[in-house]
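The following note sets out points for a colleague examining the model. Please read it alongside the sequence and coordinates.

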Amino acid sequence: MWWDNPNKALAKEAEPLPFMKIRWVGFVVTALITIVTTWSLMTQGLNMGLDFTGGVQIEASRDTPFEVEVVRAAVSAQGFSESSVTPTSDGTVVIRVPLEEDSTVEETAAKLETALGAGAKILKTDNVSGKVSEELFGKGVLACLLAVLAIGVYVWFRFEVKFGTGAFITTLHDVYAVIGLFSLTQMAFDLTIVAGVLTVAGYSINDTVVVYDRIREMLKKYRKLPITRVIDISITSTLSRTLITSLATMLAAMSMAFLGGPVLFGFAVSIVFGIIIGTYSSIFVAAPLLIHLPGRIPGAKYRGDEDAPAETAASAT
């Protein structure tokens, strides 16, 4: 192939896409995402959902089955713009609403009983404290951090230290960007969104590992080429697989967003945005980091140049 001989004139149609020549554009976009997310989190934070803020929870039953959409509309008509309505397997329904400042738990439960209409019976009323909700939020944040850290450690052992560091930074970038989206839009952030964030982390690392695996393969095979050209070849060869997989997953997530109702909307939005940002980051964050992170060039042991820094190798294009 043409890349076995770097001095050979390249056929125009064989030229890989020059991703590394425009990697600085990717760094600028990444910096903007990070700055905007940080600014939004510092100025307005997250719009915490009922899972993290607490509220009043009731379980009700009646002779005829509950229709979730009808119940949700009736609860909203009572002045509860934010609510969680969950049917159970035994025919009851669990409703959670925020506790208003001037209302008691009993008054809130009475409003919900009125919203359910005649024949409904309140089986249980609970006051979900803010302390419990704070613990849930803390555990959700810890789960995200541990997942990202474990992913980085896995890639570190699977490939090299620089690959593991790049995977950690890339996954953290994707998770941070999704959280930033919910901060900017002020959509409710609850445990369902935490599940979406963890799903994005898994999807992101899958795409990153595919690119990294191809880069490592090409570093072994084409040892005389500059690393920037090897990365361009690797990304170009995996691009069709990446785009097809991303498109197929996005279609499924968009179906959830449009057809799944308000319960699944936030989760679906996090998946769709995560797919977009994950595809972008595997090309313009994960791959360039192999060049700009300090340390020896990736795959140096295959190239017989273990002491060469990556920046020097990148400049030899």
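1. Helix H1 (residues 23-43) and helix H6 cross in a left-handed sense, where left-handed means that the near helix is turned anticlockwise from the far one by less than a right angle, and right-handed that it is turned clockwise. Their axes come within 9 Å and cross at roughly 50°. H1 and H6 are therefore oblique to each other; angles under 35 degrees count as roughly parallel, over 145 as roughly antiparallel, 65 to 115 as roughly perpendicular and the rest as oblique. Axes are lines fitted to C-alpha atoms, for helices over the stretch in contact, with angles from 0 to 180 degrees between N-to-C directions. Helices (H or I, at least four residues) and strands (E, at least two) are DSSP runs numbered from the N terminus.

2. As to the basis of this note, the model is predicted: local features need pLDDT of at least 70 and side-chain atom pairs pLDDT 80 or more, whereas totals for chains, interfaces and linings use all residues. Residues are numbered from 1 along each chain as its sequence is written, and side-chain values use heavy atoms, leaving out hydrogens and water.

3. Helix H7 (residues 191-221) packs with helix H9 (residues 261-292) at an angle of about 25°, their axes lying 8 Å apart. H7 is thus roughly parallel to H9, and the crossing of this pair is right-handed.

4. Four salt bridges are counted, each defined as a side-chain nitrogen of Lys or Arg within 4 Å of a carboxyl oxygen of Asp or Glu. One of them joins the side chains of arginine 241 and aspartate 207, at 3.4 Å from N to O. This pair links distant parts of the chain, with arginine 241 in helix H8 (residues 227-259) and aspartate 207 in helix H7, 34 residues apart. Aspartate 207 is buried, at 2% relative accessible area, while arginine 241 is partly exposed at 32%. Here buried means under 20% relative accessible area, exposed over 50%, and partly exposed in between (1.4 Å probe, protein chains only).

5. Arginine 216 counts as buried at 15% relative accessibility, whereas aspartate 213 is partly exposed at 31%.

6. A further salt bridge, 3.0 Å from N to O, connects glutamate 69 with arginine 72. Both residues belong to helix H3 (residues 68-77), with a spacing of three residues, about one turn of the helix. Arginine 72 is buried, with a relative accessible area of 13%.

7. Which residues make the nonpolar surface patch? Leu142, Leu146, Leu149, Val153, Trp156, Phe157 and Val161 form it, over about 710 Å². Such patches take residues with over 30% relative accessible area and no salt bridge, joining nonpolar side chains (Val, Leu, Ile, Met, Phe, Trp, Tyr) within 5 Å and like charges within 9 Å. Helix H5 (residues 130-158) gives the most to the patch, with six residues. Leucine 149, found in H5, is partly exposed at 44% relative accessible area.

8. Glutamine 186 lies in the loop between helix H6 (161-185) and strand S6 (188-189), and is partly exposed at 29% relative accessibility.

Methods:
Accessible areas come from the Shrake-Rupley method with a 1.4 Å probe; for residues, only the protein chains shown count as cover.
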